[in-house]
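Here are a few exercises to work through with the model open on your screen. Try each task before you read its solution.

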Amino acid sequence: MKRKITLKQIARELEVSISTVSKALKDSDEISADTKQKVKAFAKLYNYRPNNIALSLKNRRTKNIGVVIPDIVHHFFTTVFRGIEKYANEHGYNVVVCVSDESYEKEVFNMELLANGSIDGFIMSVSAETQQKNDFSHLKEVMEQGIPLVLFDRVIDEIECDKVIMNDEEIAYDATVKMLAEGKKKIALVTTESYFNVSEKRAEGYKRALTDHGIAHDERLTLVLPYKELEEKYIEDFVENEDFDGVLCVNEIFAVLFMALAQKKGLKVPEDVSVIGFTDGLLSRYSTPALTTVAQHGEKMGQVAAKMLIEKLENEIGFHEEEVYRTEIIEATLIERDSTINK
């Protein structure tokens, strides 16, 4: 099977511009018959096939940025979007946002819809189903066609693009160590399925902290919750049947619910059990007691992602021979409140 070729590669091989290749394939009158014949023959030889997201960025500058987020329930994603929009607006760009609802099909549909002439580049965090399916072909198509892409938070190692992530493993390690320093010995982890790469990194930090402090990891103290249709029963059964004195939760919804159910059982927070969650949202601040949490600085993450994308758009880096990609790391911080023992 002949390898797939891109507009950029055709342009390089024939020593013409990407715009010329695009116009020749569309049979534009602006291009000579000889050039059109050469381009079409070369494209056919190497099995070039246009698709819904195969539009040259150079020919369709819209000053719009497409943002695809997994959901709007979690405070973190709304703060990231706020940061993206703030930076983009300040630099003359508009933002079009779509929500994938953790669906692979909806994510693909949103990208095809936006890329069909509506936006200049993408900023996105991939859906749960995309990670579960391990199918990133729609992201690869975007990159192959020269459409800039910045991934944030939930990033894909197989996709070469700019990325903005948090130091998930390190901050989970620090959060676990804090509870160990309080004298807690049986620290539980409330997490999601392992294909969530951020949850997996947080789990690694949690386990490493236990190991470094001479505590064996007990699988019974890891509660894996579904990302859809969260039922209190899972946590109720865990609280009723397991012996624990601390808990690290990978998001604030899990943490606040766990804390409420633990207190319902009669456990005192933080005397009997310390609780730490991720995402410093309203739930964390106004829960009873107020939740010690990992501040992910979503607005800063969004601003950094928007800056990376706009720099690429303004400099047209995507059309250079050698593409250079960066990964920026946002340093999370631990906000201590009343759900842990503050020494």
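**Exercise 1. Rings and charges**

Find which residues make up one aromatic cluster, then find which ring the charged end of Lys63 sits over.

Step 1. Phe76, Phe77 and Phe152 form one aromatic cluster. For pairing, the ring centres of Phe, Tyr or Trp (its six-membered ring) must lie within 6.5 Å. Count such pairs across the structure and you get six.

Before going on, a word on what you're looking at: this is a predicted model, where local features need pLDDT of at least 70 and side-chain atom pairs count only at pLDDT 80 or more, while totals for chains, interfaces and linings use all residues. Residues are numbered from 1 along each chain as its sequence is written, and side-chain values use heavy atoms, with hydrogens and water left out.

Step 2. Lys63 has its charged end over the ring of Tyr93, 4.0 Å from the ring's centre. "Over" asks for NZ of Lys or CZ of Arg within 6 Å of the ring centre and within 35 degrees of the ring normal.

Step 3. Arg202 does this too, with its charged end over the ring of Phe278 and 4.1 Å from the centre.

**Exercise 2. Two helices against α3**

Work out how α1 crosses α3, and how α2 crosses α3.

Step 1. Axes are lines fitted to C-alpha atoms, for helices over the stretch in contact, and angles run from 0 to 180 degrees between N-to-C directions.

Step 2. The axes of α1 (residues 7-14) and α3 (residues 33-45) come within 11 Å and cross at roughly 125°. That makes α1 oblique to α3, since angles under 35 degrees count as roughly parallel, over 145 as roughly antiparallel, 65 to 115 as roughly perpendicular and the rest as oblique.

Step 3. Now the contact, meaning heavy atoms within 4.5 Å. From α1 come Ile10, Glu13 and Leu14, and they meet Lys38, Val39, Phe42 and Ala43 of α3. By class that's five nonpolar, no polar and two charged residues (Ala, Val, Leu, Ile, Met, Phe, Trp, Tyr, Cys and Pro count as nonpolar, Asp, Glu, Lys and Arg as charged, and the others, Gly among them, as polar).

Step 4. For α2 (residues 18-25), the axis comes within 9 Å of that of α3, and the two cross at roughly 90°. So α2 is roughly perpendicular to α3. Thr20, Val21, Ala24 and Leu25 of α2 touch Thr35, Lys36, Val39, Lys40 and Ala43 of α3. This contact divides into five nonpolar, two polar and two charged residues.

Technical notes. Helices (H or I, at least four residues) and strands (E, at least two) are DSSP runs, numbered from the N terminus. Rings of Phe, Tyr and Trp (its six-membered ring) pair if their centres lie within 6.5 Å; planes under 30 degrees apart count as stacked, over 60 as edge-to-face and the rest as tilted.
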